[in-house]
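Some labels in structural analysis rest on a rule, and a careful reader may want to see each value set beside its rule.

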Amino acid sequence: MPLAVTVNFPAALQPAAGGASLVVREAVASVGQLIEALERLAPGLGKELDDPLYNVAVNDEMILHAVDRHPIADGDRVEIVPTMAGG
Amino acid sequence: MAVRDRVARLLDEMPREAQFPSQGATLFVDLERRETRQAFTPLAVVRTVLGGRGANMYYLHRLLDETLTPLDPGIPLIFGSGLLTGLVPSAARGNCTSWSPESGVLLDSNAGDYFPSFLRMNGFDHLVLYGQAAAWTLLMIRDGVVSFEDATPYAGLDNLDMREAVARDVGGTWARNLAMVNITRAGENQVLTSGIMAGPKAIYARGGPGAKMGSLRLKAIVTLAPTRELPTAQPYKVYNRTIAQKLLATSVVKNALSKTGTPFLYKPSRLLGAMGTKNNQETTWSDGLDAEHFDAHRPGMAGCFRCPVNCRPLNDLHSATPDKYDQGDGPEYVTLGKFGPNLGIDSVASVIRLNNICNDLGLDTASTGSAIGWAFELFQRGIITAEHTGGITLTWGDAETIERLLFQMARREGFGSVLAASTRAVEQGHYPAVALKYRIAVKGLGQSDPHDARILKAFALGLAVATRGMDHLRNRATLEINARINDNPVFKSELYGGAVSAEPNSYVGKERAVRACENIYAVGDSVGMCRFTTKLFNSPSLPGLPEFREQLANVTGLAFTDEALEQCGLNVMGVERMINHRLGVRRKDDTLPDRWFDEPNPSGPFRGERIDRDEFDAMLSRFYAISRLASDGAPEDAWRKELVGALGRDR
């Protein structure tokens, strides 16, 4: 089971997260469980993350589908990445 | 038949009075004879293709003589504002349309800022320009009155100096009562990647519209008039508040567009291994260009007429020895990608400086970056040498040389004259034929955005079928990269009108996503709505067909159903394909660069991914089936007859 997973947030989510990053120190095995743990650490953050603007990158690889089932391991670096289109 | 005869015949069919409240006239401008005539777009045309981009297609369809060449003065250059332009929040856009001298197919480019709105406030929805002026000319539209002014004193001016000179001479104030579209030296010199500037950064960019305007010897069109309210069928401002609230409440606007602008997209593309790098030889690049590294250089944000979003980042390099390129507007994501990873540059300051130079020189950063990246790869491979470049060594990441090349391009000096030929460098004899193997272009147009679409099959299909060539702004199913939407199949099916695979690299159902996006974006362009704030491009929550329908009823009094609007979007694409068909475009041209079929993606979580030719062909066939396209890429016969019935015959 994971001992520590660091999650980094973009500026727009930092007020809800209480800072630029959070360290989750409880047993989580997937991104879905990680988000539940984040909600326990920062109530309201889970709702903010339930937004199609935000994707999840694990160890610098962005997850495009089946995100909640994506496995998380001890020491993983997780980043919330705003995703949009441009011209 | 000469263009004047075509115009005369068309005018005979057009009404002389407005067909609905808020409709402006179409002004036909004979630059050679310094004559103007005006009439109004027929109601049947508006019912079929709306206004803006859609009605522009009506005018090109009726006036195009494909026996000429794109830069012949008998080929018109057409400006059109959308039916809601200037009236609805974030609807500040207009299109310019012609036959592209760069690609050889349809030229259709969209811009915002203030000109499209101010054109309407002078009483005009469309301008149809043709004939070559005897000398450089400025078309002045002052309180609805049109005059031809001598632009000789402005010849040779680039954008910064031109804007300063015109504001001084005309006496208005930008963004209050004065707006302009203008070309630079690049347009005067008919550089094929030159655009028509519509503001400090706003540009009708794609397909060489600057070269086309230069071929008419038209330096600028200036509008001067106080902002005024257009007569509408019924009150519309209450519903405007609903739209504005919807815009500002949408997460992508609130948390991204209005704070940082489009450079946010760089990081997802990089993390995905989809960042076109060094002319798409590689697919990821430095984290040093992530959006947060631009924060220190962004003193504020700016925006278009009556848009509450303000998504355009301003920039300031804070150089110790500043020059006129120390401050400016942008960059957008496209410029960041095309002048960052595409050219092997990893310096924020270099990207910003090159962006500011392109804005001044009036160069389309997409086509210009593509042309330079192509040349650099050819040099890397030894296909061209210092003999071709006038002794210049082309080295990835060499920002100083790239800056020098931009000025050479604008002036058509030295190797810049080769780069100014853009995708046509082989056809014009500058490069050997083998160079085409490394050209990242479709239908003769270099790729608009830096996204390498070997992974996302919906993106790839969109780039292949876009009517103006390889451009993401026509139909990009951006939500394909939003995991929360991919993981909600019911919602995703509702968005696109049928099942679309959740897997980004699957071919299944992707034709539906592209079809839906192409329809709604064509409607958005035709009413004047910004792409960034149109549903499906950046969010499922932004204004879409119901909001357009509601305000069309309020502003014009014309009743549309959502289904009728969607059909209008499809019709716009259909007319564009009819035009392209006359220019020789066929199904074989709805394709992608060989590299994406033949070379696997070299990095990222989708390493090894490429486009399978058979799967792509099957996806294209499905797209044709749901788009009512025949095997030659044009509308099916019955539909084509319907369109001709509404728009008239093409000759």
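Ala, Val, Leu, Ile, Met, Phe, Trp, Tyr, Cys and Pro count as nonpolar, Asp, Glu, Lys and Arg as charged, and the others, Gly among them, as polar. The model is predicted.

Q: What makes up the lining of the largest cavity, by class?
A: Under that division, the lining of the largest cavity has 19 nonpolar, 14 polar and twelve charged residues. The largest cavity has 45 lining residues, and those closest to its centre are A:Gly87, B:Arg93, B:Asn110, B:Lys201 and B:Glu332.

Q: How many cavities of 30 Å³ or more does the structure hold, and how much space lies in the largest?
A: The structure holds six cavities of 30 Å³ or more, and about 790 Å³ of space lies in the largest cavity. Rolling a probe the size of a water molecule over the atoms shows where empty space is left.

Q: Which elements supply at least two residues each to the lining of the largest cavity?
A: They are strand 5 (106–111), helix 11, helix 12 (348–361) and helix 13 (365–380) of chain B. Strand 5 of chain B provides the largest share of this lining, with three residues.

Q: Why is the pair of A:Glu79 and B:Lys267 called a salt bridge?
A: The rule asks for a side-chain nitrogen of Lys or Arg within 4 Å of a carboxyl oxygen of Asp or Glu; the closest N and O atoms of A:Glu79 and B:Lys267 are 2.2 Å apart, and therefore the pair qualifies.

Q: What makes B:Arg582 and B:Glu66 a salt bridge, and where do they lie?
A: Their N to O distance is 3.0 Å, which falls within the 4 Å limit, so the label applies. This pair links distant parts of the chain, 516 residues apart: B:Arg582 is in helix 22 (residues 562–582) of chain B, and B:Glu66 is in the loop between helix 3 (52–63) and strand 3 (77–81) of chain B.

Q: How many residues of chain B and chain A are in contact, and what area do the chains bury?
A: In chain B, 37 residues are in contact with 27 residues of chain A. The two chains bury about 2,700 Å² between them, 63% of it on carbon and sulfur atoms. B:Leu271, B:Ala483 and B:Arg484 supply 26% of the area that chain B buries against chain A, more than any other three residues.

Q: What makes the peptide bond from B:Gly330 to B:Pro331 and the phi of B:Asp143 worth a remark?
A: Most residues other than glycine have a negative phi, and most peptide bonds are trans. The bond from B:Gly330 to B:Pro331 is cis, with omega near 5°, and B:Pro331 lies in the loop between strand 15 (327–329) and helix 11 of chain B. B:Asp143, which is not glycine, has a positive phi near 50°, and B:Asp143 is found in the loop between strand 7 (137–142) and strand 8 (145–150) of chain B.

How values were computed: Residues are numbered from 1 along each chain as its sequence is written. Chains are lettered from A and ligands numbered from 1 in the order in which they are written. This is a predicted model: local features need pLDDT of at least 70, side-chain atom pairs count only at pLDDT 80 or more; totals for chains, interfaces and linings use all residues. Side-chain values use heavy atoms; hydrogens and water are left out. Contact means heavy atoms within 4.5 Å. Buried area is the accessible area (1.4 Å probe) that two parts lose on being put together, summed over both. On a 1 Å grid over the protein atoms alone, a cavity is a set of points where a 1.4 Å probe fits but cannot get out, and a pocket is an open set with protein on both sides within 12 Å along at least five of seven lines; lining residues have an atom within 4 Å of a point. Grid points are joined across faces, edges and corners, and a volume is the space filled by probe spheres set on the points. Helices (H or I, at least four residues) and strands (E, at least two) are DSSP runs, numbered from the N terminus.
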